[in-house]
Amino acid sequence: MNIVITGASGFVGTTLCQVLLERGDRVTGIGTSSQPKVATARYFQDNLELQERFLWIQADTTKPGAWQQAVKEADVIVNLTGKNIFGYWTEKYKHEIYTSRIMTTRNIIEALPEDGQVVLLNTSAIGYYGDRGDDPLTEVDNPGGDFLARVCVDWEHEAQKATEKGGRVILMRFGVVLGKGGGALGKMLPAFKFLAGGPLGKGLHWFPWIHMDDLIRAILMLIENKEIEGPVNLVSPQLVRHKTFAAALGRALHRPAFMPAPAFMVKAFMGEMGRAFLSSQKAAPAVLASLGFSYRFEDIDSALQNLV
């Protein structure tokens, strides 16, 4: 298949490029980097056949441009583009979080042929549900009303417009993706290694997570199964609170996890982003469960032991 990935040099995009190339797909990666991480990897540099099936386009996807031609020719589009949420949320930063997602998706839809059969896998997030405490959540539940929820609602609305052009749209609501070399885990490890790790606040909020390996395998299944469309929660079936996650990370590192960050400090130092990190989504992967998806890392201990 001819697969286009926007945001291809990011945390998930780099791994997805590698897996798709290794299974034989033709991949076009689009991003702002001059050179993608996958192109610097030894396995890629030593394999001419992989190089022939990979095209990199450097572009600002929030603006129309020549990159849209690749979208016109794609069988599958995986839209991973979005300003990193790990930053202090000034009004300017929040505007960039919003527009990077909305405008890229809008430009993708604009480039699609009118009578195409494209599959669009558009990233969203479990943040769609807002702060819901202990309420059990599946893909049929309503959205929240905070900033991240509003971003996700508008983002998904833009993506759904691909159906008007004959596309099949999957809305991938990511949990916290745990993987090597970056992401949320990369932000947490230093504190734990220096004996200063622990839960955020009281740690009673739910922490929806998924191992990178299971995330990528789920994406491949969503591409192949022509019956799947609409929202899909990409999270582990083992629901854990943040204090349980912190304790598991401490065990994996053989470090204590008794240094909680008080909620008032999280909010004071991280602002609105801190409040978002303290929000609770008890989200279950109902769609993946109905499809019989088999996880390699269902429980948090095995996932963290594998990664750290």
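Reply: Start with Q35, which sits in the loop between β2 (26-31) and α2 (37-40). This is a predicted model. Leaving out residues up to four places away in sequence, Q35 touches T40 and W56. Q58 is 23 residues from Q35 in sequence, yet their C-alpha atoms are 7.9 Å apart in space.

Now move to F44, in helix α3. Is F44 buried or exposed? Its relative accessible area is 6%. The cut-off for buried is under 20%, so F44 counts as buried. Setting aside residues up to four places away in sequence, F44 touches L21, V38, A39, L50, Q51 and F54. Take L21 from that list: F44 and L21 are 23 residues apart in sequence and 9.3 Å apart in space, C-alpha to C-alpha.

The model has five aromatic pairs. In one of them, the ring centres of F44 and F54 are 5.6 Å apart and the planes stand at 85°, so the pair is edge-to-face. The cut-off for that label is over 60 degrees. F44 belongs to helix α3 (residues 42-45) and F54 to strand β3 (residues 54-58), ten residues apart, and the pair links these distant parts of the chain. Both F44 and F54 are buried.

F207 lies in the loop between α8 (183-193) and β9 (209-211), and F245 lies in helix α10 (residues 242-253), so the pair ties together parts 38 residues apart in sequence. F207 and F245 are buried.

Rings also meet charges here. The charged end of K94 sits over the ring of F147, 4.9 Å from its centre. The charged end of R173 sits over the ring of Y128, 3.6 Å from its centre.

In soluble globular proteins, nonpolar side chains tend to be buried together. The largest nonpolar core here has 41 residues, and I5, V78, L121, M172, F174, L215 and L234 touch the most other members. Helix α9 (residues 212-224) gives the most to this core, with nine residues. Beyond its neighbours within four places in sequence, V78 contacts I3, V4, I5, T6, L16, L121 and M172. A second, separate core holds 18 residues, including V71, L112, A159 and A162.

Last, the salt bridges. There are 14 in the structure. R23 and D25 meet through their side chains at 2.4 Å, N to O. R23 is partly exposed, at 35% relative accessible area. D25 is buried, at 5%. R23, D25 and E224 are linked in a network of salt bridges.

R106 forms a salt bridge with E158, with the closest N and O atoms 2.8 Å apart. R106 lies in helix α6 (residues 91-111) and E158 in helix α7 (residues 147-160), so the pair ties together parts 52 residues apart in sequence. R106 is partly exposed, with a relative accessible area of 36%, whereas E158 is buried, with 5%.

D301 and R251 also form a salt bridge, the closest N and O atoms being 2.9 Å apart. This pair links distant parts of the chain, with D301 in helix α13 (residues 300-307) and R251 in helix α10, 50 residues apart. D301 is partly exposed, at 29% relative accessible area. R251 is partly exposed, at 43%.

Conventions. Residues numbered from 1 in each chain as written. Predicted model: local features only at pLDDT ≥ 70, side-chain atom pairs only at ≥ 80, totals over all residues. Heavy atoms only, no water. Phe/Tyr/Trp six-rings, centres within 6.5 Å; stacked < 30°, edge-to-face > 60°. Helix = DSSP H or I, 4+ residues; strand = E, 2+ residues; numbered from the N terminus. Buried < 20%, exposed > 50% of the residue type's maximum accessible area, 1.4 Å probe, protein only. Lys NZ or Arg CZ within 6 Å of the ring centre and 35° of its normal. Contact = heavy atoms within 4.5 Å. Core = buried A, V, L, I, M, F, W, Y, C linked by side-chain atoms within 4.5 Å. Salt bridge = Lys/Arg side-chain N within 4 Å of Asp/Glu carboxyl O.
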